[in-house]
Structure formats: structure tokens, C-alpha cells
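Here are a few friendly notes to read alongside the model. Take them in any order you like.

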Amino acid sequence: VTTPMDPSAPGQKGRRERHWSYVTPLLVAAAAAALRLWGIRWGLPDETHLFSYHPDEFHSLRGALSLAAGDPNPHFFNYGSLYLYLVAIACLWHESVSGSGDLLAAILRADEAHREMAAWVLDARLVTVLCAVATIVVVFATARRLYGLKGGLLAGALIALAPLHVLHSHYATVDVPLALFVSLCVYVSLPLVERVTWRSCLAAGACAGLAASVKYNGALVLVVPIVACLVGWMARRQPEGEGTEGPPQGLGPSLALPAGLVVLTGACAVAFFITSPYVLLAWPEAWRDISYEIGHMRVGEPPA
């Protein structure tokens, strides 16, 4: 016989498990954020250099500089525009609420430009940190759905402590934001194994498009929801009694497999072009940068 205050009572145990199911992921995310904020000011511009020591970080400010000059075209297409716009929003918002100086004016005057540049690079790095912590949450949620709470915590802890992810989370570059949208696409693709619906196809396709909009090769993650649809379709074609039970309810109307694949592809294209519109609107300029990057990846960095 148990009493309501007995910690071994089923109700108490259930509440305790629910409590820790919320607390432990937050602890993992907090630890991950601390690792990524430690040393976040490395190599920022100062009196001795106008640009960050990381050679790619200035490119992440191109969208912010263009928007500050009144031009929504980032004029940089070596990779997609989504991260550039996220950085631009962060930089311009911080400038408006803090009352800090105008970076463009500071550069033209050549006075205090390094201070403004350092502030903008730091804002861009903080966007990366937010993407990193969000990735850990998404990885936890994905593994928890597949393997339960312990599996989710293990997966979240592994990505939180992964040295390469920790390292790149300190930089204003596209790698960590790309990982976020790739992970998010995997998570929203899980229901497609059970049932192909409008909602799941739109969500998975949109996430793949956002991944491509951060870095073009992110479009490859579209393979994940396509495979999920095919796996579920093949499982449902098994003779009655050999497969799983009937499809779960409450996921919305089902789509035929060909229609689902069309929705996936269409949502991917729409999400990409909404968040990287000038890849299409300024195609000659975009192709110049894209073709350069293709050659750069093939040849390597001189004199290698």
C-alpha cells in the first residue's frame, strides 16, 4: 500500500519523470550554450585589424551592409542568403535598440570603424550560437521520438559536446545554421514513415528549402523525406497482418505517394526562393558567384 506522499507511488514517479524530461534537456542546452559562448570574442576586429581573423566572417555581414545601404540584394551568392538575412536582422536590430553608431558611416569616416565592425561580427556569431543550441534541442527531440528520453539525452549530449560543432559555433559562418535546418528536416520527416500528409510534406520540403537557402548543398537533405515516404509506402503495401497496424489518426488527409513527392519538391523550391530571392532575381550575378564556388571546390585554395 502506498500513500500520496510516498515517492514510490506511481503518481509521484510519473510527475518526477515528467519533471526531469523537461529539466535535463534544458541543462544539456545550457551547458552547450556555455561551451559556445566561451571564447566568443576570439579574433574580433580591434585597433590593429578591421576584419575578423576568420577569413569568411566578413561575407556574413554582406546582407547587413546591403540592407543598411537600402539594398535588399546581398550581392554575394557563394552560398544562399538566409543566414545573411538572419545576421542582417540581428545587426540592424541591435544597432537600433543600443543606439550604437552607423557602421557604414564609420567606415567612410575611417574612425572607430573597428568598434562597429566588432559589434556586428559579434552579433553574427550570436546568431550562430542560437542556431547551435536550437540544433541540440531538435536532435534531442528527434532521438527522443525514436528511442525515448534516454536516447534523446544521449543524442543531445553528443552533439552538445562534439568538438567540431562546438568549434564552428564560435564563428559567423553557415555551417552550424545549415546543421540546424538539416536536423529540423529530419525531425519533421519522421511522421512521413507512418502517413504521407500535406502538413508533413510541406514542413519537410520547407525545411529542406531553408537548408539549401543557407548553403546550396543543404538541398540534399530532401532525400530524407523522400526516403521516409518510400519506406512508409512499401510498409503499407505488405499483405494485411504482416505490417504494422493501421496508420495513426489525427495527421490530416493522406496524399498519394506521387502527390506527396510533388508537394515536397514544390515546398522546397518555394522556401528557397522566398529566403534567397535574388538568386533568381539577379541570376547573372548569382551565377558568377556560384560558378566561382564550383571551381573553387574543384581546384582548392592556391597554392594547394
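**Notes on the predicted model**

1. The lining of the largest pocket is made up of eight nonpolar, five polar and five charged residues.

2. Staying with the largest pocket, its space comes to about 540 Å³. Of the 18 residues that line it, Asn78, Tyr79, Glu293, His296 and Met297 lie nearest the centre. Helix H12 (residues 283-299) gives the largest share of the lining, six residues.

3. Next, have a look at helix H7 (residues 175-189). The buried residues of H7 include Val176, Leu180, Phe181 and Cys185. Helices H3, H5, H6, H8 and H9 are what the buried residues of H7 pack against.

4. How many salt bridges does a search of the whole structure find? There are three. In one of them, the side chains of arginine 125 and glutamate 57 meet at 2.8 Å, N to O. That pair joins distant parts of the chain, 68 residues apart: arginine 125 is in helix H5, and glutamate 57 is in the loop between H1 and H2. Arginine 125 is buried, at 0% relative accessible area, and glutamate 57 is also buried, at 0%.

5. Another salt bridge pairs lysine 215 with aspartate 175, with the closest N and O atoms 3.5 Å apart. Here lysine 215 lies in the loop between H8 and H9, while aspartate 175 belongs to helix H7, 40 residues apart. Lysine 215 is partly exposed at 27%, as is aspartate 175 at 32%.

Definitions and conventions: Residues are numbered from 1 along each chain as its sequence is written. This is a predicted model: local features need pLDDT of at least 70, side-chain atom pairs count only at pLDDT 80 or more; totals for chains, interfaces and linings use all residues. Side-chain values use heavy atoms; hydrogens and water are left out. On a 1 Å grid over the protein atoms alone, a cavity is a set of points where a 1.4 Å probe fits but cannot get out, and a pocket is an open set with protein on both sides within 12 Å along at least five of seven lines; lining residues have an atom within 4 Å of a point. Grid points are joined across faces, edges and corners, and a volume is the space filled by probe spheres set on the points. Helices (H or I, at least four residues) and strands (E, at least two) are DSSP runs, numbered from the N terminus. Ala, Val, Leu, Ile, Met, Phe, Trp, Tyr, Cys and Pro count as nonpolar, Asp, Glu, Lys and Arg as charged, and the others, Gly among them, as polar. Buried means under 20% relative accessible area, exposed over 50%, partly exposed in between (1.4 Å probe, protein chains only). Contact means heavy atoms within 4.5 Å. A salt bridge is a side-chain nitrogen of Lys or Arg within 4 Å of a carboxyl oxygen of Asp or Glu.
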